Every structure is written in C-alpha cells, then in structure tokens.
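Please walk me through this model in the viewer. Tell me what to select at each stop and what is there.

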Amino acid sequence: MIVDLPDTTISQVAKRLVQVREEGGAVALGRVLTLVIATREEAAEPAIDAANDASREHPMRVIVLMTSKSEDARLDAQIRVGGDAGASEVIVLRAFGAAASNEESLVTGLLLPDAPVVVWWPDQPPLRPATSPLGRIAQRRITDASTDPDTIKRLSNLGEGYAPGDTDLAWTRLTYWREQLAAVLDQPPYDQVTAVEVHGSAESPSTGLLAAWLRLQLDVPVKWVYESHENWREGIKSVRMTRASGDILLERPEPGIALLTQPGQPDHDLPLPRRTLRECLAEELRRLDPDVLYGRVISEGWDRLGPASEGQPA
C-alpha cells in the first residue's frame with residue numbers, strides 16, 4: 001500500500017501514518033529501530049529495497065530523506081506499508097528549498113519512541129558523520145566508501161572523522177575474508193607470519209581495509225596492490241601470507257569461489273561470494289554498540305599502512 005502526500009508537513013505525515021496502520025490492520029509493535037536513509041533520488045530505490053529485505057530480520061521504521069535547496073519550500077511525502085515495505089514501514093520525504101534546511105527536524109517527529117536510531121548514507125556521506133545533523137541523533141552511522149571513485153581519499157577521510165558508532169559497508173564486505181584468514185591461522189603449524197601481500201581492484205576500498213586489518217592484527221609489513229581495471233574488477237583478488245614453513249595463498253580467481261593453497265596440504269575450493277547490499281546492511285543492524293575493531297582499523301591500522309602499489313598488466 002502506497003499513500004502519496006504532496007505539499008505536506010511532518011505532523012500531517014505522522015497522523016496519516018497512524019490512519020494507514022489502523023485502516024490496513026498493520027501495527028508497529030515489534031519494530032526494533034528506526035533506520036534513516038539520507039540519499040539522492042537516483043540511489044533511493046536500491047537503498048529502500050535493501051532495507052525492505054533487511055527488515056525481515058530487523059523489523060523497523062525506515063525514513064528516507066532526500067533534500068534539494070534549489071526549489072521553493074515544499075515537503076512531499078510518501079508512506080509505504082504492507083507488501084510495498086517488507087516487514088517495515090517506509091516513509092519517503094522529499095524536502096525542497098527552506099524546508100530542507102534542517103534535516104534533524106524533518107525526521108525527529110517520525111522516529112519510533114524509545115528505539116535506537118541508525119543513519120545510513122548510501123552514496124554521499126558528510127565529512128564527519130558523527131557531527132552532522134542526522135549523525136548526532138544516531139547510535140550507529142553507516143557509510144559506503146565504495147561509492148566514491150577516489151577510494152583512498154574516502155578511507156582517509158573516514159579515519160580522520162571517525163567517532164564510536166561509525167561503520168562502513170566496505171568493512172562489512174570483508175567478513176567472509178576475515179573469517180577464512182583467521183581460520184587458516186588457527187590451524188597448525190603455528191609459524192609466525194612475517195609478511196603479507198594483498199591484491200584487489202582499484203575501485204575496492206575493502207582491499208585497503210583488509211590490508212589495514214592485517215597490518216594491525218599481525219604487526220608485520222603489509223604490501224597492498226591495486227590491480228588495473230583490465231586485470232581485476234571484482235573487489236579483493238588475493239591475500240598471500242609468508243611464513244617460514246611456506247606461503248599461504250587465499251585467492252579468488254573468479255567471482256564467488258576462492259582457492260586456498262597451503263604448504264603440505266591439498267588445495268581447497270571455498271565459497272567466497274561478494275556480499276549483497278542487503279546482507280551487509282542486515283549485518284550492521286545486528287549490533288547497535290560501537291564496532292571497536294573497525295575504529296582501530298580505520299584509524300590506527302590505516303595510519304600504519306604504507307601507500308598502495310599499482311599492479312602490472314598480466
């Protein structure tokens with residue numbers, strides 16, 4: 001069910017939302033949080049689709065906010081419930097002109113009472129999310145460094161502006177890689193890793209974050225290489241860890257499948273798919289406390305990491 005409310009106010013939106021729930025038999029009981037999505041028009045629907053899918057695991061209220069300073073003051077709204085909103089209720093706000101000047105006031109009247117607030121910027125986050133108008137009211141703040149073509153600059157900005165509660169989906173996409181690498185190092189022989197080399201796409205901030213995590217956790221030199229577009233297009237390509245007993249190589253020769261090579265053991269094929277937006281968002285919504293490890297990686301680990309190298313053509 002979709003209800004359009006052109007040229008409206010936040011008070012009218014709140015009243016109409018109550019009416020829609022009563023008329024349709026939908027209730028807000030069991031909503032565990034409010035997710036605020038601050039985005040642009042072209043990125044709104046993919047973000048809403050991801051939130052709707054994630055809401056089946058985390059029932060929530062979703063507020064989508066799009067602002068434009070270029071037109072006369074006006075607020076248009078849309079309410080989506082039922083099949084058009086997954087297990088959530090979605091409120092889409094389009095604010096123009098002076099009505100877009102105060103983002104915080106646009107959403108505070110629609111927040112679920114006594115429920116955590118998570119803010120997600122799918123494409124263009126503020127330089128310091130925690131001190132932004134929306135970031136100040138949120139327990140968690142989610143960004144996505146992969147949406148910036150200058151990934152190194154974006155990661156540096158995230159590190160400089162980090163505050164507890166910040167996280168980034170480029171970090172969330174590393175979960176499977178970190179699990180596999182940690183599992184390998186938990187097996188004998190327990191030789192110390194003396195060097196690491198990480199290869200990945202030039203468009204993948206996850207490559208830099210994985211290198212920073214390994215630098216922080218292993219405290220050894222880490223070389224990270226950005227491959228050219230022709231060599232690699234699919235995120236992280238490989239991690240090589242050097243030990244006295246021989247190198248460990250976890251390589252993804254094609255999307256979805258990784259090959260693990262270890263001395264004295266047969267090669268293993270491992271499932272290592274690229275994670276979907278819905279999976280990453282759902283994972284981040286499982287925890288509302290600060291991700292301390294991410295904070296250390298994006299600041300301390302990133303600061304200790306040397307500059308990236310550019311891969312040579314194959």
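Predicted model: local features only at pLDDT ≥ 70, side-chain atom pairs only at ≥ 80, totals over all residues.

**First stop: the cores.** Select Leu181, Val196, Val198, Leu209, Leu210, Leu214 and Val239. These residues have the most contacts inside the largest nonpolar core, which has 37 residues. Now colour residues 205-218, which form helix α7; this helix gives the core its largest share, 7 residues. In soluble globular proteins, nonpolar side chains tend to be buried together.

**Second stop: Val198.** Centre the view on valine 198. Leaving out residues up to four places away in sequence, valine 198 touches Thr207, Leu210, Ala211, Leu214, Val222, Lys223, Trp224, Val225, Ser238 and Val239.

Select the loop between β13 (256-261) and β14 (268-272), where glutamine 262 lies. Is glutamine 262 buried or exposed? Its relative accessible area is 8%, under the 20% cut-off, so glutamine 262 counts as buried. Beyond residues up to four places away in sequence, glutamine 262 touches Val184, Gln187, Asp247 and Ile248.

**Last stop: helix α9.** Select residues 292-304. Helix α9 has 13 residues and reaches 17 Å from its first C-alpha to its last, close to the expected 18 Å. Where does α9 bend? The bend, of about 30°, is at isoleucine 298. Isoleucine 298 is also one of the buried residues of α9, along with Tyr294, Gly295, Val297, Gly301 and Trp302. To see what covers the buried residues of α9, show elements including α4 (151-160), β8 (166-168), α5 (169-172), α7 and β10 (222-227).

Note on methods
Residues numbered from 1 in each chain as written. Heavy atoms only, no water. Core = buried A, V, L, I, M, F, W, Y, C linked by side-chain atoms within 4.5 Å. Buried < 20%, exposed > 50% of the residue type's maximum accessible area, 1.4 Å probe, protein only. Helix = DSSP H or I, 4+ residues; strand = E, 2+ residues; numbered from the N terminus. Contact = heavy atoms within 4.5 Å. Expected span 1.5 Å × (residues − 1). Bend = angle between axes of the 7 residues up to and from the residue.
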